Amino acid sequence: MNASKDKPMIGGVCYTLNKKLLSEIPTWGWRLIFVCSVLLYGFGVLPYLLLWIFMPKVK
């Protein structure tokens, strides 16, 4: 699978954060932040899931 760095992959959380809310951080930067926060005692799992559920979809 050849995924682009700027397209939604699974939930589209990082893509939506980039496009709708805080566009000064690139999509790959958001992905890196969430991966690092998950590796640090799983802190990023709950915020990611909540954002996945409640964040509006990007068309």
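1. Accessible area here comes from the Shrake-Rupley method with a 1.4 Å probe. By that method, the chain exposes about 4,800 Å². Carbon and sulfur atoms supply 69% of that area. Keep in mind that this is a predicted model.

2. Next, the fold. The chain has three helices and zero strands. Read from the N terminus, the order of elements is α-α-α.

3. Now burial. The chain has 59 residues, and 25% of them count as buried. Contacts tell another part of the story. Take those between residues at least 6 apart in sequence: 39% of them join residues at least 24 apart.

4. Is cysteine 14 buried or exposed? Its relative accessibility is 5%, so cysteine 14 counts as buried, because the cut-off for buried is under 20%. Cysteine 36 has a relative accessible area of 38%, so it is partly exposed. As for disulfides, a search of the whole structure finds zero.

5. Follow up on leucine 17. In sequence, leucine 51 and leucine 17 are 34 residues apart. In space, their C-alpha atoms are 9.3 Å apart.

Terms used
Residues numbered from 1 in each chain as written. Predicted model: local features only at pLDDT ≥ 70, side-chain atom pairs only at ≥ 80, totals over all residues. Heavy atoms only, no water. Helix = DSSP H or I, 4+ residues; strand = E, 2+ residues; numbered from the N terminus. Buried < 20%, exposed > 50% of the residue type's maximum accessible area, 1.4 Å probe, protein only. Contact = heavy atoms within 4.5 Å. Disulfide = S-S within 2.5 Å.
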